[in-house]
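Hi,

Here is the structure I said I'd pass along.

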Amino acid sequence: MGIIDLLHETWASLSANKGRSLLTILGIVIGISSVIAMTSLVTGMRNMMLGSLGLNQARMVMIYSSGMTDTDIKALETAIPEYEEVAGVFYYYTNIMTPTDTYSYSLLGVSDNYFAVTGVELSGGRFFDDDEGRQLARVAVIGRGVNLDLFGDVDADSVGQTIRLGDNQESYQIIGITSGDAMSAQYTQIFIPVITMQKRIVGYSHYDSIFGLVREGSDVHDVCDRTTDFLNSYYGYDEGEGYIYVTSMQEAIDSVNLVMSGFAAILAAIGSISLFVGGIGIMNMMLTSVSERTREIGLRRSLGARTSDITQQFLAESIVLCLAGGFFGLIFGYLGAMVIAAIVAIMMPDTPITPAIGVGSVAIAVTVCVVIGLVFGYYPARRAAKLDPVESLRYQ
């Protein structure tokens, strides 16, 4: 039997019982749509989380060691030339009072290259430069969340406005606003030049942490290990002494991917239950079809149809049912994901999720449908093929 004839016979058989065919593929539609909806949402969440980490996320190394100075940073850059840039950070907290409320924010004193190292971008204004740091300029770059609290809108044009920071409540002019939604770290942070922080607010000169940007092509994990060894040797720490912790954003990315992949696998496993039930429904329909078409099968066999022809016909019907269910499942799954994302956007407007369906997900869905069609259609197909032609013709 040729492919064209096989498809023609398949369509004729399935269209003869449209209602039963539609009900049969419903389980496949539900299973595929639930898997696609959940995995596309998980992928969208992962993309959102990774996108909030910064442009240079995969090459960024974080070094936490109390009391590091500019001299220590220069020694680190000399010892490990794989660092393209190294930026110091000092953490503090500040309260800002408005006529109606008091807000508490993370205040970061950073070197001027911090933004290049971490990949922080601007939605308006500019970053401060090294000259402003040396001049102890009272300038600040704020996050969009700070903009929302103080000026009523995340996109408010607050550049040029002043805010009071630190225990002495000195005035600082806003010169820039960072980009990013509520998932990004900089959303509710305020940045000022680190020298200004050290001289005007805290009164001493050291860094709480260091951010390093590893050169492209270098092994980030190896750089982390060498950094730890160097700092322990540099400070003369024996094992277990001092406080040095070195990690990379790549490790954070790997952790996010691992957690999200596990979450997606769990959701896919739950959705596969519907696929299994749908497969049983297809097997039941095909067995019923074999019983109803016993005389037709006997007639085909008596006219010369081979066992393989009968097997192919019923397998084709099973696979077409599954593929049809998979096609509608993809559509309804993506629409369902869009609806859920819209609901999340209404409840949490600062954390938009864009569902993402990859080519891999579509390929897996199609493969699963074909496999289900083969697995659950094989037994009915073989049963039909093994019917005795003489007994089939006598069947009433």
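Below is what I found on its salt bridges.

One thing to keep in mind: this is a predicted model. Searching the whole structure turns up ten salt bridges, and I'll walk you through a few of them.

Let's start with Arg-59 and Glu-84, whose side chains form a salt bridge at 3.4 Å, N to O. Arg-59 sits in the loop between α2 (18–51) and β1 (60–68), while Glu-84 belongs to strand β2 (residues 83–97), so this pair ties together parts that are 25 residues apart in sequence. Arg-59 is buried, because its relative accessible area of 18% falls under the 20% cut-off. Glu-84 is partly exposed, at 39% relative accessibility.

Next up are Glu-170 and Arg-138, which meet in a salt bridge at 3.9 Å, N to O. This pair also links distant parts of the chain, 32 residues apart: Glu-170 is in strand β7 (residues 170–178) and Arg-138 is in the loop between α5 (130–134) and β5 (139–142). Arg-138 is partly exposed, with a relative accessible area of 36%.

Then there's a pair within one helix. Asp-222 and Arg-226 form a salt bridge at 3.6 Å, N to O. They are four residues apart in helix α8 (residues 220–235), so about one helical turn separates them. Asp-222 is partly exposed at 34% relative accessibility, and Arg-226 is partly exposed at 28%.

Finally, back to Arg-59 and Glu-84: together with Glu-216, they are joined into one network by salt bridges that share partners.

Cheers

Conventions: Residues numbered from 1 in each chain as written. Predicted model: local features only at pLDDT ≥ 70, side-chain atom pairs only at ≥ 80, totals over all residues. Heavy atoms only, no water. Salt bridge = Lys/Arg side-chain N within 4 Å of Asp/Glu carboxyl O. Helix = DSSP H or I, 4+ residues; strand = E, 2+ residues; numbered from the N terminus. Buried < 20%, exposed > 50% of the residue type's maximum accessible area, 1.4 Å probe, protein only.
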